[in-house]
Structures are given as C-alpha cells and as structure tokens.
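Here is a short briefing for a first look at this protein. Keep the structure open while you read.

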Amino acid sequence: MDDSENFDASSARLYTSIQNEFSCANDGSIRDSAGQSWYIWRMVDFQRWWHAFENIAEVPLGRKLMNAAADQEEFLFEQSSFFNTGRWMKKTRLKSSISKRWDVMGWGRYEISSHSIYSHLLAPLCSGFALAAVEGLNSERKKVQWRQLSNVQIKLELEKDSRSISQAPHPPQFPWDSNANPPLLIEPNAVKIDFQKVEHGWTHSGERTCFLPSGLFQRLFDYVRMQGLVLRPDILAAWELPKDADFSTWVPLILSSLAVDEVISQSERPIYIQDIDSWKQLTDVYLRPFGFGTFHNIISLDEQGGVEFEIPSSPNLPFTVGFLSSFWQRGFGRKPMVKLEKKNQHWHLQITSFLSYSA
C-alpha cells in the first residue's frame with residue numbers, strides 16, 4: 001500500500017468519526033453526541049469575522065478569545081469525562097485521544113511534548129484549545145504565552161499557575177437562548193461535508209474548514225457584555241431591540257451581526273432574492289449545513305422586500321440575524337432596518353429598508 005492509499009484510508013476513518021459524532025437539528029444547529037452546539041466555519045470566514053468583530057468593538061480582544069476557547073474546551077472535556085480513564089498508559093492514551101480530537105475538529109496538530117501547534121486557526125483560538133488540553137493532562141493550571149513562528153506554527157510558553165483546578169462553568173445564557181427548547185435531531189449522520197483531509201486539518205469544497213463550539217462564542221459575548229461598550233449612533237439607528245432589553249446584553253449580537261456582514265461582503269457567495277421562497281433556498285445552502293440557524297416561518301411585509309422571520313430561541317441567533325440581514329442588504333442593495341421582538345417563545349426578526357425610516 002502506497003502513501004496515497006494510507007492517506008485515503010486515514011481520510012475515510014476521520015470522515016466516519018465526524019459523521020458519527022455530529023448531527024443536524026431542527027433549530028438549524030449542529031449537535032455533537034452530548035447535545036452541545038457547534039458551527040462549521042471556513043477558516044478564512046472566521047478570520048474575517050473576528051477581525052471585523054474586534055475592529056467594530058474598538059478594543060483588543062485576542063486574550064478574551066483565547067480564554068473563551070480554553071474555558072469552553074475545558075467544559076466540554078468535563079462534560080464527556082475525557083480525562084477520566086484507567087491508569088495503564090494513561091498519558092499515552094490521552095495524548096492519542098487529544099490528537100484525534102484535533103483531527104476531527106479540523107484544528108491542526110498539537111505536539112504536547114514540544115508545546116508546538118501546527119494550525120491555520122488564529123493563534124489565540126488554537127492556543128486556548130491547547131491550554132485546556134495540557135491543563136487537563138497534567139491536572140494543574142498553566143499560564144500561557146504564544147509566539148507565531150510561521151503562518152502555521154505557534155510555540156507555546158507555559159509556566160505553572162498557583163490557581164487550583166476547578167470545574168468550568170456552563171456557557172452563559174442570553175435572552176435569545178435562555179428559553180430554547182431541546183432541539184430535535186433531524187436524522188443521525190446528517191452533517192454533509194465535501195470532505196478532504198489535508199496537512200494540518202481538512203477542507204470542505206476546497207476551503208480549509210473546522211468545527212468551533214458555540215459555547216466559545218457565548219463566553220466571548222459575555223466578556224464583551226461586561227466591557228460596557230457604547231456603539232456609534234449611526235450603528236444603533238438601524239436596530240430596534242426589545243423594549244425591556246438591557247442594552248449591554250445585546251451589544252454582542254449587534255457586533256456579531258455586523259461582523260457577519262463583513263464576511264458576506266468579502267466573500268464570493270452569490271445572493272439572489274427573487275421572491276419570498278428565495279429565503280429558504282439561502283438558509284438551506286448557507287446556514288443550516290453549517291449550524292448557523294434557520295427560520296420556521298416567513299411573511300412578506302411590503303413591496304420593497306421587507307420580511308418578518310419567526311426564529312426559534314437558540315445560541316446561534318446572533319449569526320442567524322447577521323446572515324439574514326446581510327443577505328437582505330446584498331439582495332436589495334439597500335441598508336436594512338433590523339427589528340427583534342419576542343413573541344410566544346420565538347423571536348420575530350423584521351428586516352425592512354432603513355431609508356424608509358430615515359426619510
């Protein structure tokens with residue numbers, strides 16, 4: 001058997017592992033075998049989203065991203081009892097399990113012995129995942145710094161931290177997911193990926209792609225909420241939030257939605273809206289397969305393309321809102337006015353022309 005046959009067999013095993021672990025749910029999310037929510041991100045899209053998110057917030061958030069990744073990965077380890085294994089060759093088996101996990105998620109490779117990461121992910125993100133792994137493996141807290149040695153190699157500098165290991169808290173909840181009902185899995189093995197294994201990860205339709213946990217974003221949004229950010233008046237003018245809303249709680253959703261708009265504006269995704277049925281086609285192609293949400297119902301509001309979506313409560317609502325409002329802007333060539341309102345345990349998202357409000 002030559003190297004290409006070995007590689008193909010490895011790819012097949014990895015793809016099977018992905019199919020066995022993840023399923024699509026009726027709320028437009030992707031769930032793992034424990035019911036936790038995940039997204040499938042093209043890496044170039046995540047980088048665009050992150051840079052836009054940080055730039056619009058106008059505060060450096062790299063360390064917050066690293067902490068969010070570490071805390072969520074630690075939480076997922078605890079939920080799955082990842083490090084509770086027998087004593088015989090425990091560290092060897094755990095290192096192998098960590099390596100397989102990074103393969104499945106598309107994060108690249110973490111060489112624990114040399115504290116070297118080989119990945120196309122942003123350094124704060126993969127450094128956070130690596131920190132959680134090494135802390136769990138050694139049962140002690142670590143302080144970490146990272147150095148980007150090349151476009152794929154990151155060197156971690158770790159030192160012991162005096163803090164004791166404590167259980168990672170659940171991801172924080174927000175108004176848009178606090179009343180979410182448990183999603184129904186559409187069918188087992190419903191995640192459809194045009195998969196190809198490559199060095200330091202895998203691709204979907206030729207683009208480097210990976211899984212990222214939604215809890216990471218919930219933790220990041222919580223950090224932003226506590227920053228007390230004040231958005232520009234021209235940004236706020238295009239948003240109408242629930243009347244009883246704590247504004248600081250909704251800042252992360254607005255920032256995330258605006259960052260999604262930057263992703264769409266820089267991508268080559270064709271966005272065509274001919275009639276109201278076009279919206280289902282867009283969500284079926286760009287949202288549902290990647291865990292970014294969906295809508296249950298849609299109605300037309302006016303002859304200028306105004307629409308109202310009924311969306312289930314879900315952690316992915318900031319991305320659902322961001323994609324739908326960005327699609328509207330691309331499809332109609334006008335700035336959208338976005339209104340969110342809670343009705344009967346579902347969110348109603350109205351998107352209309354901002355010009356009619358400002359005229």
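Does D222 count as buried or partly exposed? D222 counts as buried, at 17% relative accessibility. The cut-off for buried is under 20%. This is a predicted model.

**Confidence**
- The protein has an average pLDDT of 91.
- A score of at least 70 is reached by 94% of the residues.
- Confidence is highest in strand β5 (residues 116–118), at a mean of 98.
- It is lowest in strand β8 (residues 185–187), where the mean is 67.

**Helix α4**
- Helix α4 spans residues 90–105, which makes 16 residues.
- From first C-alpha to last, α4 reaches 22 Å, close to the 22 Å expected at 1.5 Å a residue.
- Its buried residues are L94, I98, R101, W102, V104 and M105.
- These residues lie on the same side of α4, because they cover an arc of only 160 degrees around the axis.
- Just after α4 comes G106, with a positive phi of about 80 degrees.

- D222 forms a salt bridge with R225. Their closest N and O atoms are 2.4 Å apart.
- Both residues sit in helix α6 (residues 214–227). They are three residues apart, so about one helical turn separates them.
- In an α-helix there are 3.6 residues a turn, so residues three or four places apart point the same way.
- R225 counts as partly exposed, at 21% relative accessibility.

- D284 and K280 meet through their side chains in a salt bridge, 2.6 Å from N to O.
- Helix α9 (residues 278–286) holds both of them, four residues apart, about one turn of the helix.
- K280 is exposed, with a relative accessible area of 52%. D284 is partly exposed, at 32%.

- The side chains of E157 and R147 form a salt bridge, with 2.7 Å from N to O.
- This pair links distant parts of the chain, ten residues apart. E157 lies in strand β7 (residues 153–160), and R147 in strand β6 (residues 142–148).
- E157 is partly exposed, with a relative accessible area of 39%. R147 is also partly exposed, at 41%.

**The wider count**
- The salt bridges come to 18.

Technical notes: Residues are numbered from 1 along each chain as its sequence is written. Side-chain values use heavy atoms; hydrogens and water are left out. Helices (H or I, at least four residues) and strands (E, at least two) are DSSP runs, numbered from the N terminus. The expected span of a helix is 1.5 Å times one less than its number of residues. Buried means under 20% relative accessible area, exposed over 50%, partly exposed in between (1.4 Å probe, protein chains only). The arc is that of the directions from the helix axis to the C-beta atoms. pLDDT is the predictor's confidence in each residue, from 0 to 100. A salt bridge is a side-chain nitrogen of Lys or Arg within 4 Å of a carboxyl oxygen of Asp or Glu.
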